[in-house]
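This note sets out some points on side-chain packing for a colleague new to the structure. Please read the points alongside the model.

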Amino acid sequence: KQWYQRRVAITAGGRMLVVLIIVCLVGSSHSISTQFVQEVRQMKLDLAWQALHAAAAAACRGSTASGGTGLHANVVIAKLNTHSCDTLCGETGYKQCDADISIQGVYGKATDYSTPIGQFYNYGCSTPGNTAVVFDEVKAHEDDIVTGRNPNYYRFCCCRYIG
């Protein structure tokens, strides 16, 4: 048996994590610890959800007439499929709903300049809009973001602090 060590730097959530990988070479096969594989898989899921949330924040920024104003940051919250964003924003410290957005991105890299790679929709703040449970991120399976199993939109509320 020969043992090799390699350091891999992975950026996650703005922090640099240094992960020590121990690889045991037996003949021509490589084995990596199950724990390490699970940690990398979780980082992949977390990064995919973070990218969706950043896209939601950008969609909210573009959906508001003022682009978001005030002395406080504006926020994005997950949309409960059966409630309006007026109601959901009203239950937070950011009481003003600016938009109820739905976004979807195509899994994978763009390969040309004419094929759609994402879709969006803006429901009004005052109604629940489409109440399909598949649009509710909180109720989604954690893997849905990377498996492509959910070909639907995820919905978010764009909320603003009105002090």
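1. In this predicted model, L52 touches I103, E137, I145, Y154 and F156, leaving aside residues up to four places away in sequence.

2. L52 also belongs to the largest nonpolar core, which has 15 residues. L52, I101, I103, I145 and F156 are the residues with the most contacts inside this core. Two or more residues each come from helix 1 (34-63), strand 5, helix 3 and strand 7. Helix 1 supplies the largest share, 7 residues.

3. The whole structure holds 4 aromatic pairs. In one of them, Y94 and Y161 have ring centres 6.1 Å apart and planes at 70 degrees; the pair is therefore edge-to-face. Y94 lies in the loop between helix 2 (85-90) and strand 5 (96-105), and Y161 in the segment after strand 7 (154-160), so the pair ties together parts 67 residues apart in sequence. Y94 is partly exposed, at 27% relative accessible area, and Y161 is partly exposed, at 34%.

4. F135 and Y153 form another pair, with ring centres 5.9 Å apart and planes at 70 degrees, so this pair is edge-to-face. F135 is in the loop between strand 6 (118-123) and helix 3 (144-147), while Y153 is in the loop between helix 3 and strand 7; the pair therefore ties together parts 18 residues apart in sequence. Both F135 and Y153 are buried.

5. A charged side chain also meets a ring: R155 lies over the face of Y123, 3.8 Å from the ring centre.

Note on methods: Residues are numbered from 1 along each chain as its sequence is written. This is a predicted model: local features need pLDDT of at least 70, side-chain atom pairs count only at pLDDT 80 or more; totals for chains, interfaces and linings use all residues. Side-chain values use heavy atoms; hydrogens and water are left out. Rings of Phe, Tyr and Trp (its six-membered ring) pair if their centres lie within 6.5 Å; planes under 30 degrees apart count as stacked, over 60 as edge-to-face and the rest as tilted. Helices (H or I, at least four residues) and strands (E, at least two) are DSSP runs, numbered from the N terminus. Buried means under 20% relative accessible area, exposed over 50%, partly exposed in between (1.4 Å probe, protein chains only). A charge sits over a ring if NZ of Lys or CZ of Arg is within 6 Å of the ring centre and within 35 degrees of the ring normal. A nonpolar core is a set of buried Ala, Val, Leu, Ile, Met, Phe, Trp, Tyr and Cys residues joined through side-chain atoms within 4.5 Å. Contact means heavy atoms within 4.5 Å.
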